[in-house]
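Please read them with the structure open beside you.

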Amino acid sequence: MTRAMTSDSLRPACFVDRDGTIMADTHYPSDPAQVRLIAGAAQALAEVNARGIPVVIVTNQGGIARGYLTEAQYETVRARLESLLAAAGVTVHATYHCPHWEPITGPCDCRKPGLGMYRRAAAEHGLDLARSVYIGDRWRDVKPGVELGGLGVLVPGPDTPDDDVAQARTHAHVVPALHDAVSLHFAALPRAIDHVG
Ligand SMILES: [Mg+2]
Ligand SMILES: [Zn+2]
């Protein structure tokens with residue numbers, strides 16, 4: 001893909017899935033008391049902060065369309081997660097969520113693996129999508145990175161389907177922990193920056 005539009009003023013970002021990647025996946029959490037950080041996740045994101053790279057959480061919340069939780073409940077869960085992360089020294093620069101579920105609300109461009117949330121984040125925060133990393137426990141979290149010319153990294157969890165791991169092994173990367181995914185991004189950045197010049 002062309003990098004002609006890439007500008008030095010655009011920053012790489014760390015796009016990270018929420019459920020099953022930063023916090024335990026409790027399936028449609030609607031109560032802040034359900035929020036549990038995955039071991040090592042906060043430390044990994046603190047390293048991203050230390051590197052000056054924005055942390056952007058990107059999460060599918062189809063349970064809102066399906067009536068399993070309200071937008072207000074989603075907000076309380078988001079706030080709890082951000083406060084636990086803040087207590088661990090992590091700044092979350094932005095969070096985007098897709099509240100849709102196609103059979104109920106029709107097609108949308110934001111539900112992952114759609115690119116809508118990433119494009120919106122890039123426009124609102126001056127992010128370079130091709131120098132960003134796309135991390136999650138599902139192929140749908142990683143595929144956008146492949147499509148946007150960035151670095152896609154799957155961190156499988158107990159609920160990750162085998163086919164998602166196979167897709168990521170073929171087209172992207174698979175590592176054991178969030179920390180390994182951010183390290184891969186740090187290692188890739190200087191080379192990506194060279195390409196810009
Ligand atoms: Mg997930
Ligand atoms: Zn959507």
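1. Leaving aside its neighbours within four places in sequence, Cys-14 is in contact with Val-48, Ile-53, Pro-54, Val-55, Val-56, Val-133, Ile-135, Val-182 and His-185, where contact requires that the C-beta atoms of the two residues, placed from the backbone, lie within 7 Å. Cys-14 also belongs to the largest nonpolar core, which has 45 residues, and Cys-14, Phe-15, Val-56, Tyr-118, Val-133, Ile-135 and Val-153 touch the most other members of that core. A nonpolar core is here a set of buried Ala, Val, Leu, Ile, Met, Phe, Trp, Tyr and Cys residues joined through C-beta atoms within 7 Å; a residue is buried if 20 or more other C-beta atoms lie within 10 Å of its own, exposed if 12 or fewer, and partly exposed in between, with C-beta atoms placed from the backbone.

2. A word on the source: this is a predicted model, in which local features need pLDDT of at least 70 and side-chain atom pairs count only at pLDDT 80 or more, while totals for chains, interfaces and linings use all residues. Residues are numbered from 1 along each chain as its sequence is written, and chains are lettered from A and ligands numbered from 1 in the order in which they are written.

3. The sheet is open and has 6 strands in the order β3-β2-β1-β4-β5-β6, with parallel pairing; helices (H or I, at least four residues) and strands (E, at least two) are DSSP runs numbered from the N terminus, and two strands pair if DSSP finds at least two bridges between them. The edge strands, each of which pairs on one side only, are β3 (94-98) and β6 (173-174). Helix α4 (residues 116-125) packs on this sheet, where it touches β1 (14-16), β2 (55-60) and β3, and its direction makes about 150° with that of β3, the axes being lines fitted to C-alpha atoms, for helices over the stretch in contact, and the angles running from 0 to 180 degrees between N-to-C directions.

4. In strand β2, 6 of the 6 residues are buried, so the strand is largely enclosed by the rest of the structure. Val-55, Ile-57 and Thr-59 lie on one side of β2, and Val-56, Val-58 and Asn-60 on the other. β2 pairs with β1 in the parallel sense over 3 bridges, and Phe-15 has Val-56 in β2 as its bridge partner. The chain passes from β1 through helix α1 (residues 41-50) to β2 in a right-handed β-α-β crossover, right-handed meaning that, with the strands pointing away from the viewer, the path from the first strand over the helix to the second runs clockwise. Pairing between β2 and β3 is also parallel, over 5 bridges, and the bridge partner of Val-56 in β3 is Ala-94.

5. Which way do the residues of β4 (residues 133-136) point? Val-133 and Ile-135 point one way and Tyr-134 and Gly-136 the other, and all are buried. The bridge partner of Cys-14 in β4 is Val-133, and Ile-135 stands opposite Val-153 in β5. Tyr-134 counts as buried because 30 other C-beta atoms lie within 10 Å; its contacts beyond four places in sequence include Phe-15, Asp-141 and Leu-151. The C-alpha atoms of Tyr-134 and Asp-17 are separated by 8.1 Å, although the two residues are 117 residues apart along the chain.

6. Helix α6 (residues 162-171) has Asp-164, Gln-167 and Ala-168 as its buried residues. Seen down the axis of α6, these fall within an arc of 95°, so they line one face of the helix; the arc is that of the directions from the helix axis to the C-beta atoms. They pack against α5 (139-147), β5 and β6, whereas the face turned away from the buried side carries the exposed residues Asp-162, Asp-163, Ala-166, Arg-169 and Thr-170.

7. Some backbone details deserve a look. A cis peptide bond, with omega about 15°, joins Lys-112 and Pro-113, and Pro-113 is found in the loop between α3 (102-105) and α4. In the loop between β1 and α1 lies His-27, whose phi is near 65°, a positive value in a residue other than glycine. Tyr-28 lies in the loop between β1 and α1 and has a positive phi of about 60° although it is not a glycine. His-27 counts as exposed because it has 10 C-beta neighbours inside 10 Å, whereas Tyr-28, with 18 C-beta neighbours inside 10 Å, counts as partly exposed.
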